[in-house]
Amino acid sequence: MPSSRTSALAVGVSSKIALPADEEEVTSLRRALVAKLAYTVGKDPIVASNHDWFIATALTVRDRIVDRWFPSTRAVYAEKRKRVYYLSLEFLIGRLLGDSLNNLGLTETMRAALSELGVDLDRLRAIEPDAALGNGGLGRLAACFMESMASLSVAAYGYGIRYDHGLFRQQIKDGWQTEVPENWLASGNPWEFERPEVLYHIGFGGSVEHVQDDEGLVRYHWQPAETVEAQAFDTPVVGWRGRNVNTLRLWSARAPDPLGLEAFNRGDYIGALASQSRARTISQVLYPSDETPAGEELRLRQEYFFSSAALQDILRRHLSQHNGDLHSLHEHVAIQLNDTHPAIAIPELMRLLVDVHQLEWEEAWNIAVQTFSYTNHTLLPEALEHWPVALLERVLPRHMQIIYMINALHLDRLKAEGKIDDGELAEVSLIDEHAGRKVRMGWLSFIGAHKVNGVSALHTDLMRKTVFSTLNRIYPDRIVNKTNGITFRRWLMEANPGLTTLLMETVGGKVLDHPEALAEFAAYADDAGVQERLAGIRRDHKAALGRMIAERLHVRVDPDALFDTHIKRIHEYKRQLLNILETVALYDAMRAQPTRDWAPRVKIFAGKAAASYHNAKLIIKLINDVAQVVNHDPTLRDRLKVVFLPNYNVSLAEAIIPASDLSEQISTAGMEASGTGNMKLALNGALTIGTLDGANVEIKERVGDDNIFIFGLTAEEVEERRREGLGTREIVAASPVLQQVLDQVGSGVFSPSQPDLYRDLVDGLLNHDHFLVLSDFESYAATQRLVADRWRDQKAWWRSSVLNTANVGWFSSDRAIREYAEDIWNVPVLKS
């Protein structure tokens, strides 16, 4: 048992990690802040706004990062260390002020310095906009990995696009999602360094010429019809304790000639700006709708734009450092493709090596394969990109030729080695000849990489058995598992300083540097003082979130209720629909049995739907319509509330996660690759209700069956149900509760002004329930009643909460990066 000293933990709730501020450093920071305010921002402290102080503070912190950035970079050059280049269309980095201060160990010192100037640090942190550089788990994983690579002294660059407006800012009007531009750069970005001298030309369209060289070899020369410039913007990424700093390099697009002066002088002012407008479109918005041919082409242009710029930059750096020797590229460079978005980098590297630097094809291909590795994030067909051959031939004609060559040599070799028969050619070909000829970018990524990794044990197993089954048989050692991870610095230390303080007081300061030390917290699972302290910390976060909900939605919630959280991208496979249908069933039951001892509950939803995803947007509307009815029903006596918080981003997640009691991870089994929200919530002590999907399986193995609520069909059972027939109407007929819920939704009980609004949604479930919402409904509802029973037993609940936090240390992104470094990249890391 823990020592008796832990009884003191029940007294008070710390809101910050209390590290003493050094007075000399406080004075130094105060002077630096005033100087930045005056000489860079150009403001007198007497008239300076909070935003002025934020800029001054960010620039002061950035100076201290730069002091570590240059030595980190010099060391990589001096030691000739192999570099990792992480190519990702998304980097969801969130706000950087708190992150940087925490990793530098300057939070309380900066707080004291600002306080002496009459400025509140927390207010400045709230002013900073979230960087609109990502959408969901893919981008947040990239951000966590960049921070962990810096913390572990892995020499790394991140490459992506500097989006002017990101995905979109989500607004809710009359219950509907509407999209407006996210103007995160409106007041500038104090963390970045513009690099006007780092500029690369990116070509599109045109034609390919072939000529014979002096040795009689045919060489190809691409003459693009259009050229766009990629300009670099660098953001330093500081690691834990400031030991190492890496670089996130983002590209902004512009035209070589920003103004057509001849057209301008003719009075064609709009035409004079046409080329600039077309070029800048590339870096305007993340994931433009690809429902139109123009939108599809823009997505391809984006992916090639940043991949080509990154590769040109990588080769320039390598050639400069290694005396022009490209033959050793794979020995000094590891390129990780974060999903298929940068897959076009494979033929682009071949073009650069063969056409520009004139390496022989076979050597260039061997170098490329040994250099690239590929992370697969999904088994969903629509997410495994397929580009029309005609589009590639028009936009990237030389790359289409190279893809044809890669494919022909690939198929010829497999046939010559007897690894495939004629019937399997279509399965492994890079060109899908069905329903229009398309290039399979997932297949290209697979054969162009020396390692292909899944992101959870289940996902990796399904990759081997389903989407890449034939390729896995041919290349049996290529697929490996690397379960995702999260950075504990942001998702524990910054998001939940009270819990961090509790962990330091029980386990010790080692927990800040060694996530595996969390396991020692399990010894306190039955300690009444720890449980009381933990409940108090959680309640403080819930009260703060309640104030946010009241301010933004004008809904009052009880911080003593169970906060039941479903926060993720809105998609049918993530099954927000299942959640809200069960919420309706709970609402009906509460009204039917008003005297029953119901556990008060607040259902919290947040997430964005793709702008063109009709059903996902309809589900958001349904959630808001149900909320409108439930939240205004006096018979419930505030025992059930439903809220949808708009514009989900990293900062909102940081407010919701430490306030959450229950974590909804209820995707259709076999469809979620991993998830990282499940890890963040479990780390903060939320109990999971979920299917055996993604990383839920590994969370269950670590926290124990008694501390997680598992329901529903397994991945194998899902496939069997789909093969044998869903039997949806029989399922509904056997469940009066489900029948009533569907009748209510379909008949307009929650949409009286539009009675048929959800009829198609209900009919879709009855006719083709692809995501098995109906099949899992009864199991989910029954498990939710078990959740309520556990909540009423507060001692048992908080015991499980302690054990969740204690047993998820393995899900640190530091662990994940160590595995990538050792098994895929072959680079050294900082020893633990």
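Mentor: Axes are lines fitted to C-alpha atoms, for helices over the stretch in contact, and angles run from 0 to 180 degrees between N-to-C directions. Helices (H or I, at least four residues) and strands (E, at least two) are DSSP runs, numbered from the N terminus. The model is predicted: local features need pLDDT of at least 70, side-chain atom pairs count only at pLDDT 80 or more, and totals for chains, interfaces and linings use all residues. Residues are numbered from 1 along each chain as its sequence is written, and side-chain values use heavy atoms, without hydrogens and water.

Trainee: At what angle do the axes of helix α23 and helix α30 cross?

Mentor: Helix α23 spans residues 576-592 and helix α30 residues 736-747. Their axes come within 9 Å and cross at roughly 105°.

Trainee: Why are α23 and α30 described as roughly perpendicular?

Mentor: Angles of 65 to 115 degrees count as roughly perpendicular, those under 35 as roughly parallel, those over 145 as roughly antiparallel and the rest as oblique. The axes cross at roughly 105°. Therefore α23 and α30 are roughly perpendicular to each other.

Trainee: Which residue in β20 stands opposite Thr565?

Mentor: Strand β17 (residues 562-567) and strand β20 (residues 662-665) run parallel and are joined by 2 bridges. Opposite Thr565 stands Ser663.

Definitions and conventions: Pairing = 2+ DSSP bridges.
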